[in-house]
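Here is a short briefing on one protein model. Keep the sequence and the structure in view as you read.

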Amino acid sequence: MTTSEYASITPADLAISTLGPARITSPLAPLLDARRTTEHYVDSGDRVLLDDTAAGIRARGVELDELPGLEPCGPRRQIYFDPSKTRAGIVTCGGLCPGLNDVISGLVRTLTYHYGVRRVVGFRNGYRGFVSSYGHDVVELSPETVRDIPVDGGTFLGTSRGPQDPEEIVDCLEQMHLNVLFVIGGDGTMRGAMEIARVVDERGLRIAVVGIPKTIDNDIPFIDQSFGFQTAFSQASEAIRSVTVEAKSTPGGVGLVKLMGRHSGFIACYASLVRSDADAVLIPEVPFELDGETGLLHHLRRRVSQRGHAVVVVAEGAGQEMLPPVGRTDASGNAKLSDVGPWLKERIADSFAEAGMETTVRYVDPSYIIRSVPANPYDSVYTVRLSQAAVHAAMSGRTAMVVGRVRRRFVHIPMSLAVSRRNQVDPHGDLWMAVLESTGQPWRFGEDSGAPTRAPHT
């Protein structure tokens, strides 16, 4: 549809026909009382604006000065770097994620085939690869060397956590006469990339620093989804399926699956929706209580009494307020979490024993299996498009930015914006509502549960 066609659409054109007035109260009504329009949910009395482009707004005669807009990705007619004289570097940092090798391969192919860049190198083991004291060599990358790496999980270049001196990193870039650096990693990695870009700017160098954001938890703000996320929750759903079979096969069986999600419960939510086997999903964004008639344990005992088994999915960051703090940090400076899985398994078993109910709790933690697998077809396509967008941006001279997809459009996002906050599941959003509908659990386990009356799923 053209811009002029969009401009000709009126509210009447978007009106939905109905069979008549709605007069019957929905059983979901108790879950809707506290909901309001947010970036994750649109209230039924609100509307989503049709136009999401500057051209669409302009066609309606609206001033653009006060409307924020993201620059779109894609090749430019004019570029900054001479491809025949350009040398590019690639580095992967942080934890593993499906699709890392696809990004590396896509960058190399686009640089080589589409721009004719003659030298592309990879740095081994994250930011350590730039620092001479670690003694890591660089890897010469060509379409031939990366042709088959997407079939493997992990990263062909290796990775590491923790910061390195940006001055030493830029020294390395200068010594190797590199013009472009592609950084693949999460928020900590991007903060490191911002420091590299800062030093480059202070030295007056002409080196572009472009990021491809990576997080298996899908917690990067503004973008629709991070690469590897769809593969991750697909694999996680298989763990839920397996533990459900175990739970159904033993008297009073309870299946417990712990999934990744330090601060954001996206994997737990999406994986639980794949087959709707879960009876309870616990995420960091929604605190929960164990005891009492509105607590999790009573809910599980009731489910087992009703149908003989129950399944719980818990994100690793859920329930941390009830666990003793570890008091340590990892190499990236993240606080280490207490292990909610074994603790919850023990509390569930004790609760059933105290109630005189037979149970067997099957506990599964598939985290390292999930993050080490190759990307599925969806993520493979997504990573190719991200890598192409990153190369186009870098060759045009853009820097200190990441590429991502916003509202199905690939755009350039300043690094500072990409690390400004953490994307989380909105407890009042439609994703959490879908989980509540699927599991039959209350809005939260505890005194202010607001739980609707409904029959458990089967």
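In what order do the seven strands of the open sheet stand? The order is β3-β2-β1-β4-β5-β10-β11, and the pairing is mixed. Keep in mind that this is a predicted model. The points below start with the sheet, then turn to a helix, some loops and the aromatic rings.

**The sheet**

- Strands of a sheet pair through backbone hydrogen bonds, either parallel or antiparallel.
- The edges of this sheet are β3 (138-141) and β11 (409-414).
- Each edge strand has a single partner strand, so one of its sides has no neighbour in the sheet.
- From one strand to the next, the twist averages 30 degrees.
- Strands β1 (residues 87-92) and β2 (residues 119-123) run parallel.
- Five bridges join β1 to β2.
- Arg87 has Arg119 of β2 standing opposite.

**A helix across the sheet**

**The annotated binding site**

- An unreviewed UniProt entry gives the feature "binding site" at Thr215, Ile216, Asp217, Met260, Gly261, Arg262, Glu316, Tyr368, Ile369, Ile370 and Arg371.
- Where does Thr215 lie? Thr215 is in the loop between β5 and α9 (229-248).
- Ile216 lies in the loop between β5 and α9 too.
- Is Thr215 buried or exposed? Its relative accessibility is 10%, so Thr215 counts as buried.
- Ile216 also has 10% relative accessibility, so Ile216 counts as buried.
- Leave aside residues up to four places away in sequence, and Thr215 touches Ile220, Ser226 and Phe227.
- With that same exclusion, Ile216 touches Cys97, Pro98, Phe229, Ala232, Met260, Ile267, Ile370 and Arg371.
- Among those contacts of Ile216, Met260, Ile370 and Arg371 are also on the UniProt "binding site" list.

**Two loop residues with positive phi**

- His177 is not a glycine, yet its phi is positive, at about 55 degrees.
- This residue, His177, lies in the loop between α7 (166-175) and β4.
- His177 has a relative accessibility of 53%, so His177 counts as exposed. The cut-off for exposed is over 50%.
- Ala400 is a residue other than glycine, and its phi is positive too, near 55 degrees.
- The loop that holds Ala400 runs between α14 (377-395) and β10.
- At 32% relative accessibility, Ala400 counts as partly exposed.

- Ser387 lies in helix α14.
- Is Ser387 buried or exposed? Ser387 is buried, and its relative accessible area is 0%.
- What does the side chain of Ser387 reach at 2.8 Å? It reaches the backbone oxygen of Val384.
- Ser387 is also in contact with Val103, Gly106 and Leu107, leaving aside neighbours within four places in sequence.

**Aromatic rings**

- How many aromatic pairs does the structure hold? It holds eight.
- One of them is Phe233 with Tyr270. Their centres are 5.2 Å apart, the planes are at 35 degrees, and the pair is tilted.
- Phe233 is in helix α9 and Tyr270 is in helix α10 (residues 266-275). The two residues are 37 residues apart, and the pair links distant parts of the chain.
- Phe233 has 12% relative accessibility, so Phe233 counts as buried.
- Tyr270 has 27% relative accessibility, so Tyr270 counts as partly exposed.
- Tyr382 and Phe410 form a pair with ring centres 6.0 Å apart. Their planes are at 55 degrees, so this pair is tilted.
- Tyr382 lies in helix α14 and Phe410 in strand β11, so the pair ties together parts that are 28 residues apart in sequence.
- Tyr382 and Phe410 are both buried.
- Which residues do ring pairs link into a cluster? They are Phe123, Tyr127 and Phe130.

Notes: Residues are numbered from 1 along each chain as its sequence is written. This is a predicted model: local features need pLDDT of at least 70, side-chain atom pairs count only at pLDDT 80 or more; totals for chains, interfaces and linings use all residues. Side-chain values use heavy atoms; hydrogens and water are left out. Two strands pair if DSSP finds at least two bridges between them. Helices (H or I, at least four residues) and strands (E, at least two) are DSSP runs, numbered from the N terminus. Axes are lines fitted to C-alpha atoms, for helices over the stretch in contact, and angles run from 0 to 180 degrees between N-to-C directions. UniProt positions are given in the numbering used here, feature names are shortened, and annotations may be inferred rather than shown by experiment. Buried means under 20% relative accessible area, exposed over 50%, partly exposed in between (1.4 Å probe, protein chains only). Contact means heavy atoms within 4.5 Å. A polar contact is a pair of N or O atoms within 3.5 Å; within protein, one must be able to donate a hydrogen and the other to accept it, and residues adjacent in sequence count only if both atoms are side-chain atoms. Rings of Phe, Tyr and Trp (its six-membered ring) pair if their centres lie within 6.5 Å; planes under 30 degrees apart count as stacked, over 60 as edge-to-face and the rest as tilted.
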